[in-house]
Amino acid sequence: MSRQRLVRRRLTVCLALVTAVVTVFGLRLFQIQGLDARAYAAMAVEAGTSTSTVPAPRGQILDRSGEALATSADGMTITADPSMTAENAPRIARILVQELGEERLDYFETIDALRTPDSRYLVLEREVPAEEAQQAVTSVREAELTGVFTEQETLRTYPGGRLAANLIGYVDGEDKGVQGLERQYDSVLTGTDGSATYEVSPSGQRIPMADSTVKEMVPGSDVTTTVDRDLQWYSDQRLADAVRSSGSDWGLAVTMDVRTGQVVQMSQAPTFNPDSKESMEDANTVSRFVQTVYEPGSVMKPITMAALADQGKVSPETQISVPSQLVIDKFRIADYWEHGQINLTAAGVIAKSSNLGTIIAAREMDDETMHDYFARFGFGSTSGVQLPGESQGILPPSAGWSRANHATISFGQGVSVTAMQMIRAIGGIANGGVMVDPTVVEGFVDADGEKTPAKEPESRRVVSKEAASMVTRMMEAVTADDGTAPAAQIPGYRVAGKTGTAWRVNPETGTYVRGQNTVSFVGFAPADEPRFVTYVVLDKPHSDAGGGSTAAPVFHDIMSMALERFGVPPTGSKQPKVSQEW
């Protein structure tokens, strides 16, 4: 065989071998890329990619001027892969505890967690400020240790601390609203999370410049309240001081625009701090404005007089003979001061807060009529304010009333209310007989900045304008020098108001506790052109406390601030003199 034929044969064999190898590889590549492409792509993703959630920030809760009352900040969740951390658990735990503090992580519990068997993922700590979390993980990596990671999340913060806490509410560890506006508008405030999928190295580190897939998150919408932050802060401080100085169990103060129903401040004491999680007991986190019911006492007398005036049965000058006492269904009823037979006008009955005079006047109405007027003023039904867990209060059906029930309900005992029901009702008198439902939300702003106004609060006429005017004149006599609350006077303004002192009910026995009272004051100004109504309640203050001496000064300070903040000028008219006796 010639040398040339031998070379040719060898070339042929080599070519055949190369062709066979290329064919095999080609067929295999066709199988991978064509027939089994999806399966192998999925295997590659599972082996070399990581998907993390991109949390959508929760919407803000803002005051009426756009100041943040509740907002969200960048945070991190620190996680670990126990299959990577088990061997060096003590060293990793020591670094994490040093960086994050013992109040966040327990050293020995962290070691146990880092050694969790048959696990590739666990959460070590949530809600860590982003800078702290990143520093902790960096310290672990600088020690040439692996297996500790971070995931982005948002932290709920409350810049004002205790400011309006019972209105705003708070969120739980899952960023879900628990109380207040956080709960009421949880679905509005909650955004839609996104996600990010990217390639990672065997140690779990993201590979720079590698492919990634991102699904954009959608932030939650903001909720703009009707509250004025500065007025709220001042009212919170003033109420807290009154609760401390009077030894009260708790107190409330609410101010509402009588024309629009917008609540411009809602204060409660004691309260809590949703930012630092201080004082988070149920007694402090409950929204007493709508969830706590109590017997209102004499602040209910203007409602009784409004019902009578609307029927043409009473005016400020109506003459009423008031006995020293009454015995009804074997119950002795008297006024808070001792007196014999006295002659008071209807205005005098309100000014001096006579239970007996109110009972005598209310006899002009039968049970059903009186019940219907109280129901018309919203008692026995929710106020319509946008807060969760609102109580309807208790207005017993008139069919079951005794003579004693008719008598005591007329002056605010034997009926239970919430603060929002009470301020709405008195607001109806201030607004010329038209009652407007209270509202705490002005509108919403979505992630694109588009604004949506809140639903307009409902309003309805409850008594005639003339009846409301007559009761306003009666209530102005309360704040006169010879009334029960001269401390409510505001220089330059006409002020109408009413004191309240009611026996407290023992919730366990359902009986009255003598010597324990709920005292209050409700009033509006300017009385001749009403803009705001403020209601102050103090529960179980010291025994000599009264609505005029204890609650009225708080009203004076908060109402004065509200008139100043909103630029409401004095009308210049003088408070009319109304005869109290005849």
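Buried means under 20% relative accessible area, exposed means over 50%, and partly exposed is in between, with a 1.4 Å probe and protein chains only. Keep that handy for the exercises below.

Some ground rules: this is a predicted model, where local features need pLDDT of at least 70, side-chain atom pairs count only at pLDDT 80 or more, and totals for chains, interfaces and linings use all residues. Residues are numbered from 1 along each chain as its sequence is written, and side-chain values use heavy atoms, with hydrogens and water left out.

**Exercise 1.** Classify Tyr 512 as buried, exposed or partly exposed, and find the nonpolar surface patch made with Tyr 512.

*Solution.* 
- Step 1: Tyr 512 has a relative accessible area of 37%, so Tyr 512 is partly exposed.
- Step 2: (Strands are DSSP runs of E, at least two residues, and helices are runs of H or I, at least four, numbered from the N terminus.)
- Step 3: Trp 503, Val 505 and Tyr 512 make a nonpolar surface patch of about 250 Å². Patch residues have over 30% relative accessible area and no salt bridge, and nonpolar side chains are joined within 5 Å.

**Exercise 2.** Work out which salt bridge partner Arg 531 has, and how that pair sits in the chain.

*Solution.* 
- Step 1: Apply the cut-off, a side-chain nitrogen of Lys or Arg within 4 Å of a carboxyl oxygen of Asp or Glu. Arg 531 meets Asp 257 at 2.9 Å, N to O.
- Step 2: Arg 531 is in the loop between β20 and β21, while Asp 257 is in strand β9, 274 residues apart.
- Step 3: Arg 531 comes out at 18% relative accessibility, so Arg 531 counts as buried. Asp 257 has 5%, so Asp 257 is buried too.

**Exercise 3.** Do likewise for Arg 565 and Asp 230.

*Solution.* 
- Step 1: Their side chains meet in a salt bridge at 3.3 Å, N to O.

**Exercise 4.** Find what Asp 539 pairs with, and say why the pair ties together separate parts of the sequence.

*Solution.* 
- Step 1: Asp 539 forms a salt bridge with Arg 504, with the closest N and O atoms 3.1 Å apart.
- Step 2: Asp 539 lies in strand β21 and Arg 504 in strand β19, so the pair ties together parts 35 residues apart in sequence.
- Step 3: Both Asp 539 and Arg 504 are buried.

Key. Patches are made of residues with over 30% relative accessible area and no salt bridge: like charges are joined within 9 Å, nonpolar side chains (Val, Leu, Ile, Met, Phe, Trp, Tyr) within 5 Å. Accessible areas come from the Shrake-Rupley method with a 1.4 Å probe; for residues, only the protein chains shown count as cover.
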